[in-house]
Amino acid sequence: MSTLKVDGIRSNSASSDAITLASDGTCTANLSNRQNPNLIINGNFVVAQRGVSSTSNGHQTVDRWQATNNGYDETFTQAQVDVASGTTPYTLGFRKAFSITNGNQTSGAQSSSYIFVYQKIEAQNIANSGWNYTDPNSFITLSFWIKSSVSQSFNGYIKAEDATYIYNFNTGTLTANTWTKVTKTIPGNSNLVFNNDVGNGMLLVLNPYLGTDYTDSGTSVNTWIPYVGASRSPVSTTTWWTTNDATFQITGVQLEVGSTASSFALESYADTLRKCQRYFYVLADQDGGSTQRPVANLQAYTTSFLYGVCDLPVEMRTPPSITSSSGTEYFLLYGGGGTTAVYAPQVYSARQSTSTVELQVISATTNIVAGRAYFMRTNNANAYVHFSAEL
């Protein structure tokens with residue numbers, strides 16, 4: 001028996017080692033078949049519980065992602081869109097993308113103008129990821145596909161929330177209407193802190209445009225620096241912002257421990273949905289359909305008060321808040337020998353945990369028959385009940 005003694009193994013065409021061997025007999029390997037190394041949730045944008053298009057800020061369409069704009073003449077549209085067949089992302093298994101369409105900005109770029117796309121990552125997910133984030137020789141790698149209708153470069157950054165440090169990067173100049181893969185390898189830094197809790201630990205931001213109130217030509221890139229809101233990013237190119245109906249799309253966003261970008265960790269829709277439901281759960285949907293939907297079993301204790309227990313499909317990040325629609329005949333009750341319309345109900349909870357919610361419904365009318373009741377969404381497509389534990 002013989003022994004092969006080397007320090008590393010790599011492909012002839014690779015720029016880094018696939019396997020690095022240490023003097024203590026251990027090794028570090030860049031594996032493309034690891035079980036979902038992605039710290040980003042819904043990075044291929046397949047889950048959109050709230051809807052597929054919106055002109056409002058915040059969590060509105062694809063789960064776990066937000067978009068926001070300010071200082072505009074005409075607001076943007078954020079949307080889940082299809083990846084065109086025949087493109088490279090499509091051949092790699094991506095079917096959906098997140099798209100921003102800019103409005104008509106007739107006043108040009110104002111100092112307070114911005115559009116940015118971002119996802120917040122739980123602190124404990126970073127703390128327990130295996131990244132030795134205080135060591136500059138330990139790395140995480142960000143990779144994503146990006147396409148713009150305008151040829152220019154774009155800025156982005158990662159912000160360590162518990163330490164308020166920021167790492168800026170640039171996409172390089174993109175060819176208009178062409179998908180480009182961007183990869184950034186990010187070292188640790190002795191100033192970084194990630195608490196082992198359910199709070200916001202890291203912010204990943206991509207900027208179609210940031211106005212001069214938020215940028216500085218002297219802001220450093222590809223290094224960790226203290227976060228300053230007025231100079232959070234290098235100066236943005238204005239071309240995209242001033243081009244009417246310009247588009248900005250991303251897909252395949254992955255953040256993983258290690259110095260090499262592996263293939264995107266594709267998973268089933270059901271697995272991605274379960275991860276998203278830790279932050280947002282649809283008890284009754286607002287899907288635009290016109291059929292009735294079940295909500296919950298309740299008990300009518302009085303002629304206007306109903307109570308019940310709702311078990312959540314996954315443990316949520318925190319005990320969730322409840323939002324619901326309130327309109328004439330949005331909900332029905334089956335029970336007490338008949339069907340009763342619940343007018344302008346208030347749906348809320350006084351007691352909840354991360355796994356169970358006490359559902360309480362108060363009706364504006366007093367015609368509910370005491371006893372067990374089956375709570376239904378009507379055929380009004382605007383009726384909904386949502387639970388949120390978003391960061």
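# Contacts, cores and salt bridges in a predicted model

In this predicted model, residues 24 or more positions apart account for 73% of the contacts in the protein with a separation of 6 or more.

Reader: How many helices and strands does the protein have, and what box do the C-alpha atoms fill?
Author: The protein has 25 strands. Its helices number four. Along the principal axes, the C-alpha atoms fill a box of roughly 80 × 65 × 40 Å.

Reader: What percentage of the residues count as buried?
Author: Buried means under 20% relative accessible area. The protein has 391 residues, and the share that counts as buried is 48%.

Reader: Which residues have the most contacts inside the largest nonpolar core?
Author: That core has 45 residues. Ile250 touches Phe45, Trp65, Ala97 and Trp179, among others, not counting residues up to four places away in sequence. Another core, of 27 residues, lies apart and includes Ile322 and Val357. Inside the largest core, the residues with the most contacts are Trp65 and Ile250.

Reader: How many salt bridges does the structure hold?
Author: Side chains of opposite charge can pair when their charged atoms come close. One network of salt bridges links Arg50, Arg64 and Glu390. In the structure, the number of salt bridges is nine.

Reader: Which residue forms a salt bridge with Arg278, and where does it lie?
Author: The closest N and O atoms of the pair are 2.7 Å apart. Arg278 sits in the loop between helix H4 (269-277) and strand E16 (280-284). Its partner is 156 residues apart, in strand E8 (residues 114-122).

Reader: By about how much of helix H4 are Arg274 and Asp271 separated?
Author: Their side chains meet in a salt bridge, 2.2 Å from N to O. Arg274 is partly exposed at 42% relative accessibility, and Asp271 is partly exposed at 30%. Because they are three residues apart in helix H4, the separation is about one helical turn.

Reader: Is Thr215 buried or exposed?
Author: Thr215 is found in the loop between strand E13 (200-210) and strand E14 (224-226). It touches Leu210, Ala230, Ser231, Ser233, Pro234, Val235 and Ser236, not counting residues up to four places away in sequence. Its relative accessibility is 8%, so Thr215 counts as buried.

Reader: Which backbone oxygen does the side chain of Thr215 reach?
Author: The side chain gets there at 3.5 Å. The backbone oxygen belongs to Gly211.

Reader: How much accessible area do Leu4, Val6 and Ile9 have together?
Author: These residues form a nonpolar patch on the surface. Val6 lies in the segment before strand E1 (8-9). Its relative accessible area is 35%, so Val6 is partly exposed. Together, the patch residues have about 290 Å².

Note on methods:
Residues are numbered from 1 along each chain as its sequence is written. This is a predicted model: local features need pLDDT of at least 70, side-chain atom pairs count only at pLDDT 80 or more; totals for chains, interfaces and linings use all residues. Side-chain values use heavy atoms; hydrogens and water are left out. A salt bridge is a side-chain nitrogen of Lys or Arg within 4 Å of a carboxyl oxygen of Asp or Glu. Helices (H or I, at least four residues) and strands (E, at least two) are DSSP runs, numbered from the N terminus. Buried means under 20% relative accessible area, exposed over 50%, partly exposed in between (1.4 Å probe, protein chains only). A polar contact is a pair of N or O atoms within 3.5 Å; within protein, one must be able to donate a hydrogen and the other to accept it, and residues adjacent in sequence count only if both atoms are side-chain atoms. Contact means heavy atoms within 4.5 Å. Patches are made of residues with over 30% relative accessible area and no salt bridge: like charges are joined within 9 Å, nonpolar side chains (Val, Leu, Ile, Met, Phe, Trp, Tyr) within 5 Å. Accessible areas come from the Shrake-Rupley method with a 1.4 Å probe; for residues, only the protein chains shown count as cover. A nonpolar core is a set of buried Ala, Val, Leu, Ile, Met, Phe, Trp, Tyr and Cys residues joined through side-chain atoms within 4.5 Å.
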